[in-house]
Amino acid sequence: RVVAGHPSSGSAGQSVTMVSDGDDDPWDFLAARKSEVAGREPAASDAVAPEPVRRERGEIRAEMAGPTLKRRAWPLAAALIAVSFAGFLTEVVGASQMIALAGPSSLIYMYPLGGLGLIAVALLQFRFVDHRARLPMLRAVGIGYAAVFTVAIVFISLSVWQVAATGAVWLLADQLNFLVPLLVWSLAGDEFNVAEGRKIFGWIVAWTYLGQLAGLAVSAFAPLAMDPLGIPLWALLVLNPVVCVFMAVWLPRRLRHTAAAKGTAKDENLRESLAGAWEFINGVKVWRTLLIASLITFASTMTAHLAFLSGVGTILGSDASALQVLIGSVTFGVFILCWLIQKLAARRVQDRLGIPGTLLILPIAAVLAGLVLAVGSAMGSIAVLVVGIALVRIPRWTVDENTRRAALALVPDERRARVSFFVDLGPIALGLIIAGPIGLIGVVFGIAWVVPLIAAVIAAFAIRPSISVVRGWDDSLMNWRLRRRK
């Protein structure tokens, strides 16, 4: 690495030649040589000092060539493209099929089951992610998911336990959208240091939009071609095991000789792993506050998502094709906007507000989204519901996503994935669990608009701890627990 230097602050000295009365100075030839060299070089007072580069506290910035970084990052980006394609396709198909089969009320138990599933699988992976070679683990996860997908698709095709199998597929979408990318991002954190991550993580996230948009496009427009041909919509799920096998075989081969393939090779039981991650969060005060803010924020955003799906499910009824087209089209349109923001403004927003300031955007947006969704639910208006969900999805999938990746890159390699389970995956899982009982209120009392209104109130409580993160962020960067091994 080449570290930029700083101009010297000292002033140039002046030579003084002492000559005796009438005597020649025996060292006069040196003074003459110095004068000759000085005549060929600009004076120190005329030199223009380079403008200092603004740095984050505690960060050593490196000179890095863009093409080299992108070449190193491409296997990770390609894997995220494939995983995002499968995850978003499954999310839309699974949600529309489940609502059509079991009604919007099915959301009040599917969301908590989704959260519990995330936590259960995370605990199984928890002790291995940071303490084993990551690539063999990624291979095992990919093959395992492919097998479960295949079994569920066979049950659906035979109309055996169709609701349960469809629910299982929808739950697996959560794994593909959260847990598997978390593993890939942990590999990215191993491969790139903090300065490199600030330059390349946004590029990787932008490429994942290609997979997400492809999955959403297929989910939105496939019914227009499949319905006339009599092909069932669940047939789209056959693509999932293919993607999982691809990820499990291709990515480990591409990364087998890189830094991303390494773990700490330290054997710990589950309690020790959890204790190690919690010791970090508890020891760095601002991360504890960030965890609290994230828990509250994602309880609100998950409730807002439930309110949106429940609202459109109530309006459209059991028409699976109409549900799939609407959900897929709305999410596709939102992602187009997200991609434009990612390319044009996301980096500048983070540079202007910093990591903690950018994390404050999502709680504020969640308050506004909850209020708009409440109005849309009360009016029975799909258009207003779409505006409401866009208000929370756009910041979540652009500046908030980038900033959380950048923040986690500050965590030492041996703790990063475990800390991410607490501050990134954990809030999402608990948000899903909390959203179910809140949605039950709307079902029991028959007042759907109160659910997103509660989401807005919850989000308001996340603003104060988010402000505390802003105030304490700079000081936290000096904590010894953030020291990296490499």
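This is a predicted model: local features need pLDDT of at least 70, side-chain atom pairs count only at pLDDT 80 or more; totals for chains, interfaces and linings use all residues.
A salt bridge is a side-chain nitrogen of Lys or Arg within 4 Å of a carboxyl oxygen of Asp or Glu. Residues are numbered from 1 along each chain as its sequence is written, and side-chain values use heavy atoms, with hydrogens and water left out.

The protein chain has an average pLDDT of 80, and 79% of the residues score at least 70. Among the helices (DSSP runs of H or I, at least four residues, numbered from the N terminus), confidence is lowest in α1 (residues 28–40), with a mean of 50, and highest in α12 (residues 361–379), at 96.

Six salt bridges are found in the whole structure. Asp400 forms one with Arg404, with the closest N and O atoms 2.8 Å apart. These two residues are separated by about one helical turn, because they lie four residues apart in helix α13. Asp400 also forms a salt bridge with Arg396, at 3.0 Å between the closest N and O atoms. Asp400 counts as buried (under 20% relative accessible area, with exposed over 50% and partly exposed in between; 1.4 Å probe, protein chains only) because its relative accessibility is 1%. Arg404, at 8% relative accessibility, also counts as buried.

In helix α13, Arg405 and Glu401 are likewise four residues apart. They form a salt bridge with closest N and O atoms 2.9 Å apart, and both are buried. Salt bridges with shared partners join Arg396, Asp400, Glu401, Arg404, Arg405 and Asp424 into one network.

How values were computed: pLDDT is the predictor's confidence in each residue, from 0 to 100.
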